[in-house]
Amino acid sequence: MPMNATLDKGSARFVASACPHDCPSTCALEVERLDAHTIGRVRGAADNSYTAGVICAKVARYAERVHHPGRLLRPLQRTGARGDGSYREISWDAALDEVAEAFLKAEAAHGAEAVWPYHYAGTMGLVQRKGIYRLAHAKGYSRFQETICVTISQAGYKAGCGRITGTDPREMAKSDLIVIWGTNAVHTQVNVMTHVARARKERGAKVVVIDPYRNATAEFGDTHLMLRPGTDGALAVGVMHVLFAEGYADWDYMRRYTDCPEALEAHLKDRPPEWAAEVTGLSVQEIVDFARLYGRTERSYLRLGYGFARQRNGASNMHAAICLPAITGAWRHEGGGALYVNGDIYHFDMSLIEGHAMRDESIRALDQSRIGAVLTGDAEALHGGPPVTAMLIQNTNPMMVAPDLNVVHRGFMRDDLFTCVHEQFMTETAQVADIVLPATTFLEHDDIYKSGGHQHIMMGPKVIEPPGEARENHYVFRELAQRLGVGDQPGFAMSAWEMADETLKMSGYPGAAELTEMRWLDCQPGFEEAHFLNGFAHADGRFHFAPDWAAIGPAHAVMPKLPDHLNIIDVATAEHPFRLVTAPARNFLNSSFTETPTSAKKERRPEVMVHPDDAERLGIAEGAPVSLGNARGEVALHATLFDGLQPGVLIVESIWPNSAFDGGIGINAVTGADAVPPNGGAAFHDTAVWLRPRN
Ligand SMILES: Nc1nc2c(c(=O)[nH]1)N[C@H]1C(S)=C(S)[C@@H](COP(=O)(O)OP(=O)(O)OC[C@H]3O[C@@H](n4cnc5c(=O)[nH]c(N)nc54)[C@H](O)[C@@H]3O)O[C@H]1N2
Ligand SMILES: Nc1nc2c(c(=O)[nH]1)N[C@H]1C(S)=C(S)[C@@H](COP(=O)(O)OP(=O)(O)OC[C@H]3O[C@@H](n4cnc5c(=O)[nH]c(N)nc54)[C@H](O)[C@@H]3O)O[C@H]1N2
Ligand SMILES: [Mo]
């Protein structure tokens, strides 16, 4: 197996790698290898045109995570009551035998659909992340509908553009106006800021941030549009009204590239900025000023996040936002247009890794976000089929991150449910497992990575030996396949490196050795294609102001015909007067890094940001113990007074372990798991709650 490209810089031995974490930045890394078992510093590759030498602080201190004393080193078997923490060490062979036996037993009792392999993007590596599908398909287990993260935002973007691609993010440096919309990039994808800062320094570009709170990104911006959560559709429509009314709409562009500009203009007539101000809580002047700035700037770049789409009307709001450059024709200009994610620029053939030849579409696909309903026997969530009685869980921590968490916890505590959790740490999900398997980190295995927030694919070859008996995900698929009688199916005899190599070649990319040597491959499409100047990716080649929502998802009936404020959010009421957003914390990455001491220390404790006027009315002082809740649950934490949000809005930066909260249950106890239209997804930032002091 070829080793990493070695980058000799001075005396230290740095080797090339790629960040595997669930983040659009997918940084090109340089890792200092001190010996075969130990790393030192981690830094961003200066010569990668997107990473540009910058990485987040939590990955820069990765030695703290990879060499953490809490790393799982041996397989464990539960010996006491579920959740009481009693485990004994067993051998890998014995552990895998236990898992196989439990899966065969579940299958014998209720059919193969009783087994539900469950995973997510704790590693984004294609081989280690997605190989679980191969095992599921080979056995005919329940399939997995991935919905927790990008489903809502993708639906809205695709409805407009037809394809999930956009302007090269490096082109932000050539923009005169950058709108950072519903992403706290300083926390969640810091590299965006490198290119934004370049535009500001070199061109004096203006930066507008659209977000319900004055987060770290808004602090950086020139203008902050601090709207109510779930009202971006109204803001976008108010802006469109001004664009049409004041002559900023480019009729030549729209006639050539869009579906129904006349119908849109008519639709906007009775949605003036006054209406948008009412819905968003912004002033008429703020909306008009932003519309004029956007309208008169040719090189305007919308950097659209996932965050603002984590609302019940999120798909509709994303679609409304992406209408703006189709009205002004900003797509025509360098540094103009928009980017949400670059998912569709790649052409990976995933058939070998995921075992497509064995996939049976008639087998039910259970909704990832509705794991609580699935595990508590909700007939609809189970598609009317058998209960789930056995699970393999990799790369995710649903006991913390899934919505409607009280129900999720009830499900996991079932006596008749067998769970195997393959993990790097004793997470709260591992703590309720029957068998816990120790997993490698990206530094200890081989994989391929592709980026959503830029345009590179990268090889991340193994850098050091795993600690203890930690083994890669791919090993678990192979060994379980053998024990479950499907080891002779395609892919199960290959190594992870061979799988990566074969997949790259099947996809028309350089092989694994070559990609390792190259370090990364820039897959950016040409200017015309990225800017949709050859047409948008619908059959008619046009951008759709009036989307075909039925083509996007089954729950399309409620979707608006033209961009609008779709009022299906969890609106504030007398009983639940606050709108809660659970945005990402800077030093955590979802549930990851909550185990590292520096991250936990920097984040201090779970806190809710409360507007001083609300706090005064409720008798809540700075630092006071408070609880918030709704019909789903109640969460105990501390208040911090903050005027960077509208009264009636609450922010809890997340995701803390349940054990960090006084009541032992985390913030997802109040978030809802209902599927967002038209195609599913969880509305993590759309929750009406009450708030009160605790004594
Ligand atoms: N440090 C850190 N980095 C991360 C993560 C992390 O947890 N921590 N998570 C990773 C993952 S899995 C993902 S998917 C990405 C997510 O990255 P982002 O695209 O940034 O999305 P979110 O994290 O959901 O939310 C970010 C922002 O959306 C805002 N927001 C919420 N509701 C609304 C709304 O209705 N309108 C508007 N305009 N804004 C709204 C929030 O206030 C918050 O500032 O980040 C990745 N990077
Ligand atoms: N309240 C609230 N809840 C949210 C969100 C929010 O904004 N607010 N965001 C949601 C979003 S966007 C997402 S994507 C989810 C993500 O939530 P999770 O899926 O929990 O995300 P991660 O923390 O990225 O990864 C989980 C685990 O993967 C493990 N892991 C990493 N690499 C490997 C590997 O190679 N093998 C194995 N076996 N394990 C590995 C890590 O140790 C970690 O414990 O959370 C969602 N939940
Ligand atoms: Mo995510």
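**Salt bridges up close**

Mentor: Let's start with Asp-662 and Arg-694, which form a salt bridge (a side-chain nitrogen of Lys or Arg within 4 Å of a carboxyl oxygen of Asp or Glu) with their closest N and O atoms 2.8 Å apart. This pair links distant parts of the chain, 32 residues apart: Asp-662 is in the loop between strand E25 (649–651) and strand E26 (687–693), while Arg-694 is in the segment after E26. Helices (H or I, at least four residues) and strands (E, at least two) are DSSP runs, numbered from the N terminus. Before going on: this is a predicted model, where local features need pLDDT of at least 70, side-chain atom pairs need 80 or more, and totals use all residues. Residues count from 1 along each chain as written, chains are lettered from A and ligands numbered from 1 as written, and side-chain values use heavy atoms, without hydrogens or water.

Back to our pair. Asp-662 has 52% relative accessibility, so it counts as exposed (over 50%; buried is under 20%, partly exposed in between, with a 1.4 Å probe and protein chains only). Arg-694, at 22%, counts as partly exposed.

Now try Glu-334 and Lys-174, whose side chains meet in a salt bridge with 3.2 Å from N to O. Here Glu-334 sits in the loop between helix H16 (324–328) and strand E13 (337–339), and Lys-174 in the loop between helix H6 (151–161) and strand E9 (177–181), so the bridge ties together parts 160 residues apart in sequence. Both ends are partly exposed: Glu-334 has 31% relative accessibility, and Lys-174 comes in at 36%.

Next up, Arg-370 forms a salt bridge with Glu-380, and their closest N and O atoms are 3.4 Å apart. Arg-370 lies in the loop between strand E14 (365–367) and helix H18 (371–375), and Glu-380 in the loop between H18 and strand E15 (390–394), so this pair ties together parts that are ten residues apart in sequence. The two ends fall into separate classes: Arg-370 is buried, with a relative accessible area of 17%, whereas Glu-380, at 59%, counts as exposed.

Salt bridges can also join up into a group. Glu-30, Arg-43, Asp-47 and Arg-519 are linked in a network of them. And if you want the overall tally, the count comes to 43 salt bridges.
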